[in-house]
Amino acid sequence: MNVEEEVDRLKEEIKRLGQHQQDGSYKVKFGVLFNDDRCANIFEALVGTLRAAKKRRVVTYDGELLLQGVHDNVEITLLPSAVAAA
């Protein structure tokens, strides 16, 4: 799976696990994504996929590198423009 495919899959998983917001975005906590069995089976390197998605302005979150445990409560936002493009 290439990076673009992984980012597309990430968008699907954030929509599945996240809360839909009034502005059209979806929000999910990093710990929810990281600890989800389906995500664990899809993504070999979830943090790398998140960084690629952030670089492409698909998602936004505070910080650069997210670590399990330490950053479980960091909110990841799937931007409305990315939702519309999905």
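## Strands and bridges

Two strands count as paired if DSSP finds at least two bridges between them. In this predicted model, β1 and strand β2 (residues 26–29) meet that condition, since two bridges join them and they run antiparallel. One of the residues involved is Gln-19, whose bridge partner in β2 is Lys-27.

## Overall make-up

The protein chain contains five helices and four strands. Read from the N terminus, the order of elements is α-β-β-α-α-α-β-β-α.

The radius of gyration of the protein chain is 12 Å, which agrees with the value near 12 Å that a compact globule of 86 residues would have. Along the principal axes, the C-alpha trace spans about 30 × 30 × 25 Å. Of the 86 residues, 38% count as buried. Contacts between residues 24 or more positions apart make up 52% of the contacts with a separation of 6 or more.

## The sheet

The four strands form an open sheet in the order β1-β2-β4-β3, and the pairing is antiparallel. β1 (19–20) and β3 (59–60) stand at the edges with a single partner strand each, so one side of each has no neighbour in the sheet. In general, strands of a sheet pair through backbone hydrogen bonds, in either a parallel or an antiparallel way.

How many bridges link β2 and strand β4? The antiparallel pairing of β2 with β4 (residues 75–78) extends over four bridges. Within β4, Leu-78 stands opposite Tyr-26. On to β3: two bridges join β3 to β4, and these strands run antiparallel.

## Thr-77, a residue in β4

Thr-77 is found in strand β4, where it is the bridge partner of Thr-60. Is Thr-77 buried or exposed? Its relative accessible area is 10%, and buried means under 20%, so Thr-77 is buried.

Which residues does Thr-77 touch, leaving aside neighbours within four places in sequence? The contacts of Thr-77 are Ser-25, Tyr-26, Lys-27, Val-58, Val-59 and Thr-60. Two of these names have come up already in the sheet: Tyr-26 stands opposite Leu-78 in β4, and Lys-27 is the bridge partner of Gln-19.

## Two exposed residues

Gln-22 has its place in the loop between β1 and β2. Its relative accessibility is 88%, so Gln-22 counts as exposed. Gln-22 and Arg-51 are 29 residues apart along the chain, and their C-alpha atoms are separated by 25 Å.

Ser-81 lies in helix α5 (residues 80–85). Why does Ser-81 count as exposed? The cut-off for exposed is over 50%, and the relative accessibility of Ser-81 is 52%, so Ser-81 counts as exposed. From Ser-81 to Phe-34 there are 47 residues in sequence and 24 Å in space, C-alpha to C-alpha.

## Surface and charge

The protein chain exposes about 5,200 Å², and carbon and sulfur atoms supply 46% of that area. Its side chains include 12 positive and 14 negative ones. The centres of the positive set and the negative set lie 4 Å apart.

Technical notes. Residues are numbered from 1 along each chain as its sequence is written. This is a predicted model: local features need pLDDT of at least 70, side-chain atom pairs count only at pLDDT 80 or more; totals for chains, interfaces and linings use all residues. Side-chain values use heavy atoms; hydrogens and water are left out. The radius of gyration is taken over C-alpha atoms; the globule rule is 2.2 Å times the number of residues to the power 0.38. Buried means under 20% relative accessible area, exposed over 50%, partly exposed in between (1.4 Å probe, protein chains only). Contact means heavy atoms within 4.5 Å. Accessible areas come from the Shrake-Rupley method with a 1.4 Å probe; for residues, only the protein chains shown count as cover. Lys and Arg count as positive and Asp and Glu as negative; His and the chain ends are not counted. The place of a charge is taken as NZ of Lys, CZ of Arg, CG of Asp or CD of Glu.
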